[in-house]
Structures are given as C-alpha cells and as structure tokens.
Amino acid sequence: MPPSPSLPELLATVAAVTDLPALDAVEQEIFGRKHGVLTLRMKEIQNALPEQKKELGKKMNVMKQTLTEAVERRRKELELASVASIAETDRLDVTLELPKKDRGHLHLIPQFIAQVEEVFGRMGFEVAEGPEIETEENNFNLLNIPEDHPARDAQDTFWITDPSDKSKPASERFVLRTHTSNVQIRFMKSHTPPFRAIFPGKVYRKDADATHSPMFHQFEGLMIGKDVSLANMKSVMMEAIRELIAPTAEFRFRTGFFPFVEPGLEVDVRWQGDEEESREGRWIEIVGCGMVHPNVLRNCTIDPDEWQGFAFGFGVERMIMIKHQIPDLRLFYQGEPRFLKQF
Ligand code: PHE
C-alpha cells in the first residue's frame, strides 16, 4: 500500500487543480467517506496506542480544518475565474439595455386605445368587444335604423351577403360593421342594468380621403342606470376629451341626429395645429352621442320606463389627429417608421 500523502502534498494538489469538476474529484479523494485520505487516517488512529491517540487526533483535526479551508478557497477562485471567462467569450450581455433607437413599440392607435381604457376605467367603465362581421340586425335593425336610412346604402356599407337578396332575414344577412354600436346591442342583450362599458374596435365604411379611411377605429360607450342623465353624459364627454386630447382642448356640443339616440348630440373639438392653413381654427367632429332611444332599449329587452342612459361613439383617428396635429389620416396606415417613431 503506497504511503498516504502528507498535508503539504495534499495542499499542493488542491492548489494545482484548474477547474471545478477536478476540484470536486480531489475533494472526494481527501474527504470521501470510504476511501478518502482523511477517512483512512482516522482508521489508523483507532489502531494506535492509547497514549498516542490524543496527539494524533489533534493533528488530524488541524489537517482536516486546513484542507477544508484550502478546498473552499480554491473553489471560490475557480468560480470567479469561470464568470470572468464567460464575460470574455460571450460578448452578449442580456442584462444590458438595448440602444433606444432600435426599440419597437405599439403603434399609436393601440397605444391610444390603451389610454382610453385607462381613462374610462377610472370612471368605472368596463371594456368589451364584439365582432367586425355583423348581422344586418345588430348593425342596423335593432339600433332603430330604418330600412331606407342612407347608412344602409350599399355605397357606404361593405356588404358580405348580397344586399339585394331579401330572401333571408336580417339576422342572416351580414355586413362589415359600420360602427361599434353593434356592441351596444350585444352588451344590452346579454347584461342586466345598471352598467357602464366601452367597446373599442375597427369599423368599415366605403370612404377614402385625407380624413376618411375605409377602415378606422371607434370606441363606443354605454351607461345605463335608473337616473343616468344628459348632464352625466356631458360631464363624461368633457372629462374624456380633456384627459385624452388636452386639458385645454376647446370643444362644443351641437345637436345631431342618430336614429338610436334621442336627443342626439355631436361634439366638435377645435383643430389646434397651425402648420395646416386650411384647418386653422376649424372645428372637427369627434363624437356622436345621446340618450339611448327607448326603442333600442326595448329591442334589447330593457324596460325604458325603468332604465335610461346614454351612448356615445368616438372616432379614434380623429382624436389622435387633433391631439398630435396629424394632418392626414392616411399616415396612420402607411407603416412609415419616420412617422411612427415619433409616438
Ligand atoms: N354610431 C355613431 C357613428 O358611427 C356614433 C354614435 C354612437 C352616436 C352612439 C350616438 C351614440 O357615427
């Protein structure tokens, strides 16, 4: 049997180790339960003369202590070295912040809608959504929009089923929704008042110029209760405009006609940009609103003698245009980074 290594030899072995797995192996060689150097030495002590045992035991403890410390010290050194070498070989530091200019972000429309949800959330409105492909019934009939109303005209509405084919009922004829008011109907049919909610989403109309796009965004709102009044509606509209456009935004209420509200109002906000001569000082309509028509409540099995309230529909792009003085609606959809980056 080879003589067991001395303390200086063991310390040298520990110091010579160059990586963590090797250190684990050396540790096992020294401290291993069955064949470790120290374990074997302990056994020798048991065989020693009684008067030598105490002395040998002390020596063993010192040796054990010294080696334990040496192994731990070496482990720390090797761990540090391995972190340092990762830094050298792997130059990608995932904890570093990316340069600002390369960062993507939400398009300004969903950004704005998130803000709308936040502002109305504070006023107690929940958020709901409805389908963009809608029945003629939910998009028109139940909203009290008569058969011959110009809004139904094939020139304004994108029909999915043939508008001239009257063989099917309105519940089986489909359009791309022309407004988010369809969600009013769906919400009222499926909820019991009182409630307040907003319904953001895309809407479609055959219209295209600097202030009209065949697809644009609206958010509808609805508040129904026992004594919800026109005054409540006015204050919600004013709060929303000040929060979402500017605290100093100038606006005016005008009477307006929508078959599903009575009375109906329109709200205009004054264009604030000065770079666009033609719009200077001009009023732009951003919202239609009013007290929900009793027929509409009835269509949704809500008793108009017991419940009343208001509905409104904001044009999202129009609001953002006024807020940021964007002269042309088409800029929203062109995907031009120099434009989008500014928001
Ligand atoms: N649906 C109307 C539009 O698209 C807006 C509106 C909503 C008006 C609710 C009154 C009440 O123009």
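Select Gln325, found in the loop between H10 (316-324) and helix H11 (337-340); helices (H or I, at least four residues) and strands (E, at least two) are DSSP runs, numbered from the N terminus. Gln325 is not a glycine, yet its phi is positive, about 55 degrees. Its relative accessibility is 27%, so Gln325 counts as partly exposed; buried means under 20% relative accessible area, exposed over 50%, and partly exposed in between (1.4 Å probe, protein chains only).

The model is predicted: local features need pLDDT of at least 70, side-chain atom pairs count only at pLDDT 80 or more, and totals for chains, interfaces and linings use all residues. Residues are numbered from 1 along each chain as its sequence is written, and side-chain values use heavy atoms, with hydrogens and water left out.

Next, pick Thr301, in the loop between helix H9 (294-299) and S9. Thr301 also has a positive phi, near 55 degrees, in a residue other than glycine. Thr301 counts as exposed because its relative accessibility is 73%.

Now show the backbone at two prolines. The peptide bond from Pro193 to Pro194 is cis, with omega near 5 degrees; Pro194 sits in the loop between H7 and strand S4 (195-204). Glu262 and Pro263 are also joined by a cis peptide bond, with omega about -5 degrees, and Pro263 belongs to strand S7 (residues 261-270).

Then turn to the empty space. Rolling a probe the size of a water molecule over the atoms shows where empty space is left. On a 1 Å grid over the protein atoms alone, a pocket is an open set of points where a 1.4 Å probe fits, with protein on both sides within 12 Å along at least five of seven lines; lining residues have an atom within 4 Å of a point.

Select Arg205, Phe216, Gln218, Phe258 and Glu285, which lie nearest the centre of the largest pocket, among its 39 lining residues. Elements giving two or more residues to that lining include helix H7 (181-190), strand S5 (215-225) and strand S8 (283-292). S8 gives the most, with six residues. The space in this pocket is about 850 Å³, a volume being the space filled by probe spheres set on the points, with grid points joined across faces, edges and corners.

For the second largest pocket, select Leu7, Arg41, Glu44, Ile45, Leu56, Lys59, Met60, Val62 and Met63. Helix H3 (37-47) and helix H4 (50-89) each give two or more residues to its lining, and the largest share, five residues, comes from H4. About 220 Å³ of space lies in this pocket.

Colour by domain next. The domain assignment gives domain 1 (7-89) and domain 2 (108-340); such bounds come from an automatic or database domain assignment. The C-alpha centres of the two domains lie 78 Å apart.

Finish with the nonpolar cores. A nonpolar core is a set of buried Ala, Val, Leu, Ile, Met, Phe, Trp, Tyr and Cys residues joined through side-chain atoms within 4.5 Å. In the largest, of 46 residues, Phe120, Phe312 and Phe314 touch the most other members. Helix H5 (108-122) is one of the elements that give this core two or more residues, and its seven residues are the largest share. Centre on Phe120: leaving out residues up to four places away in sequence, its contacts (heavy atoms within 4.5 Å) include Phe125, Ile198, Phe219, Phe312 and Phe314. Another core, of 26 residues, lies apart from it and includes Phe140, Leu142, Met188 and Phe258.
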